[in-house]
Amino acid sequence: MLELLLHKKMIKNNWQCRWSPTLGDLEDTAENVWGTGPYSWTTEPTVFFGCYGLPDFYTIWQHKGERHILWAGTDIIHLKNHYWLEDGGGIIIDNKGICEWINKYCVNWCENVAESDALRDLGIKAIIQPSFLGDVNKFEVSFKPGNRVYASCSGDNFTQYKWPEINKMAEENPDIEFHCYGNVRPWLGPKNMIVHGRVSKEQMNEEIKEMQGAIRLLEHDGFSEVLAKSILWGQWPIATIPYEYIMKPEQIRDILDKEKPNLEGREYYLKTLNNFPWNSKK
């Protein structure tokens with residue numbers, strides 16, 4: 001029995017992860033969090049994290065071993081809108097054959113029901129499993145009662161990250177502070193919408209860990225790092241996409257009544273996050 005378990009673990013540790021260049025940096029690396037090795041042109045089982053266009057797809061198509069795709073969120077929208085063969089969309093590759101091939105030859109993973117529905121509409125069946133590319137042991141309960149929530153923006157994409165909606169939410173709830181991070185261009189909101197701009201990950205974590213919850217209003221999104229960190233800190237996050245133990249936007253005022261940390265939610269995600277076959281550290 002011991003030899004069998006060691007054999008299974010050895011196979012599990014042979015997994016590789018190919019990280020799409022479009023993803024950029026997250027809280028940590030696949031090597032540190034999942035124990036996967038870096039991608040090389042071998043037949044080892046591989047998870048392809050993100051599939052944003054033809055370069056990513058071509059790498060998946062070329063791979064001769066077991067293929068898994070972990071969809072990141074906006075990459076599904078890219079696939080839905082068809083892939084471009086050249087910048088500007090002068091030549092577009094229809095997605096029908098690509099979707100059929102992906103569904104036939106890849107095991108597909110996503111992080112919520114919104115992504116699952118979008119992939120199903122493309123003919124791709126996916127398993128729902130939230131992930132977090134960070135060390136959960138570094139996120140101890142730090143929730144304190146109060147009136148502060150926070151949101152982030154990437155690349156000054158204010159519309160995509162729903163800052164106009166957050167602006168309106170702040171106007172309707174003047175007794176709640178809305179702390180917003182990540183922008184380079186200025187953003188003017190009501191006085192209770194505090195815009196911090198782009199700061200380091202370490203500074204942001206230090207400033208938000210004792211707040212009351214993250215806000216994520218995107219209708220199509222992966223399981224955001226801000227939600228994962230918020231729930232692990234024992235906070236009461238808010239999201240448009242439905243998740244267990246995460247509140248809806250219309251519950252924003254419930255934040256003011258939360259006196260204790262969200263321990264049930266925290267324990268749920270400690271057990272649930274990163275339950276992937278390639279994760280040798282779970």
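Reply: Let us start with a contact: the side chain of His 63 and the side chain of Thr 46 make a polar contact at 3.3 Å. The model is predicted, so local features need pLDDT of at least 70 and side-chain atom pairs count only at pLDDT 80 or more, while totals for chains, interfaces and linings use all residues. Residues are numbered from 1 along each chain as its sequence is written, and side-chain values use heavy atoms, with hydrogens and water left out.

Me: What makes the meeting of His 63 and Thr 46 a polar contact?

Reply: A polar contact is a pair of N or O atoms within 3.5 Å, where within protein one must be able to donate a hydrogen and the other to accept it, and residues adjacent in sequence count only if both atoms are side-chain atoms. The side chains of His 63 and Thr 46 are listed as such a contact at 3.3 Å. The backbone nitrogen of Gly 65 also lies 3.4 Å from a polar atom of the His 63 side chain.

Me: Where does His 63 lie, and is His 63 buried or exposed?

Reply: His 63 is in the loop between H3 and strand S4 (67–70), where helices (H or I, at least four residues) and strands (E, at least two) are DSSP runs numbered from the N terminus. Buried means under 20% relative accessible area, exposed over 50%, and partly exposed in between, using a 1.4 Å probe and protein chains only. His 63 has 1% relative accessibility, so His 63 counts as buried.

Me: Which backbone oxygens does the side chain of Asn 262 reach?

Reply: The side chain of Asn 262 reaches the backbone oxygen of Gln 235 at 3.4 Å, and the backbone oxygen of Tyr 245 lies 3.2 Å from a polar atom of that side chain. Asn 262 itself is found in the loop between strand S13 (238–239) and H10, and with a relative accessible area of 3% Asn 262 is buried.

Me: Why is the pair of Phe 57 and Trp 101 called edge-to-face?

Reply: Rings of Phe, Tyr and Trp (its six-membered ring) pair if their centres lie within 6.5 Å, and planes under 30 degrees apart count as stacked, over 60 as edge-to-face and the rest as tilted. By this rule there are 22 aromatic pairs. For Phe 57 and Trp 101 the ring centres are 5.5 Å apart and the planes stand at 85 degrees, so the pair is edge-to-face. Because Phe 57 lies in helix H3 (residues 54–62) and Trp 101 in helix H5 (residues 96–105), the pair ties together parts that are 44 residues apart in sequence. Phe 57 is buried, with a relative accessible area of 10%, and Trp 101 counts as buried at 16% relative accessibility.

Me: What is the angle between the planes of Phe 158 and Trp 187?

Reply: The planes are 45 degrees apart and the centres 4.8 Å apart, and the aromatic pair of Phe 158 and Trp 187 is tilted. Phe 158 counts as buried at 7% relative accessibility, whereas Trp 187 counts as partly exposed at 22%.

Me: How do you know that a charge sits over the ring of Trp 236?

Reply: A charge sits over a ring if NZ of Lys or CZ of Arg is within 6 Å of the ring centre and within 35 degrees of the ring normal. Lys 258 lies over the face of Trp 236, at 4.0 Å from the ring centre.

Me: How many cavities of 30 Å³ or more are there, and what makes a space a cavity?

Reply: On a 1 Å grid over the protein atoms alone, a cavity is a set of points where a 1.4 Å probe fits but cannot get out, whereas a pocket is an open set with protein on both sides within 12 Å along at least five of seven lines, and lining residues have an atom within 4 Å of a point. The count comes to 1 cavity of 30 Å³ or more. The largest cavity holds about 50 Å³ of space, and its lining includes Ala 151, Tyr 161 and Arg 216. A volume is the space filled by probe spheres set on the grid points, which are joined across faces, edges and corners.

Me: What is the volume of the largest pocket?

Reply: The largest pocket has a volume of about 1200 Å³. Its lining has 42 residues, and Asp 25, Leu 26, Ser 154, Tyr 161 and Arg 216 lie nearest its centre.
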